[in-house]
Amino acid sequence: MLVLVYEDLTRRRLFRQGPWAWQLQRFLGVNVNQEYHDNRAVGFETKIADDMAVDLKKLFAADVSTTSDLIGRDLARLWGY
């Protein structure tokens, strides 16, 4: 199983030249040679109510902590837990 973090993908430089692409290539056994394109809608933003965000963070806190331990990366800090 390969775990990649979305925030790393959205940084163009990291995808084309960094660890995200290298890990993907090594895992799949192929050469990744296409350019990443940002396909987010311009001017569109999803907003979650503050109380809902707090509830979701509480709900997933243990999973985020476990995943952080498994992949050796502080996802709680990255995602603002």
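## Surface and burial

The chain has an accessible surface of about 6,800 Å², and carbon and sulfur atoms hold 54% of that area. The model is a predicted one. Of its 81 residues, 17% are classed as buried, a class that takes in residues under 20% relative accessible area.

## Fold and contacts

Five helices and zero strands make up the secondary structure of the chain. In sequence order the pattern reads α-α-α-α-α.

## Helix α4

Helix α4 covers residues 50–71 and bends at Phe60, by about 50 degrees. After α4 comes Gly72, which has a positive phi, near 70 degrees.

## The largest pocket

The volume of the largest pocket is about 190 Å³. Ten residues line this pocket, and those closest to its centre are Val3, Val5, Asp8, Gln23 and Arg73.

By residue class, the lining of the largest pocket consists of seven nonpolar, one polar and two charged residues. Which helix gives the most to the lining of the largest pocket? Helix α3, residues 19–28, does so, with three residues.

Technical notes. Residues are numbered from 1 along each chain as its sequence is written. This is a predicted model: local features need pLDDT of at least 70, side-chain atom pairs count only at pLDDT 80 or more; totals for chains, interfaces and linings use all residues. Side-chain values use heavy atoms; hydrogens and water are left out. Helices (H or I, at least four residues) and strands (E, at least two) are DSSP runs, numbered from the N terminus. Buried means under 20% relative accessible area, exposed over 50%, partly exposed in between (1.4 Å probe, protein chains only). Accessible areas come from the Shrake-Rupley method with a 1.4 Å probe; for residues, only the protein chains shown count as cover. On a 1 Å grid over the protein atoms alone, a cavity is a set of points where a 1.4 Å probe fits but cannot get out, and a pocket is an open set with protein on both sides within 12 Å along at least five of seven lines; lining residues have an atom within 4 Å of a point. Grid points are joined across faces, edges and corners, and a volume is the space filled by probe spheres set on the points. Ala, Val, Leu, Ile, Met, Phe, Trp, Tyr, Cys and Pro count as nonpolar, Asp, Glu, Lys and Arg as charged, and the others, Gly among them, as polar. The bend at a residue is the angle between axes fitted to the seven residues ending there and the seven starting there.
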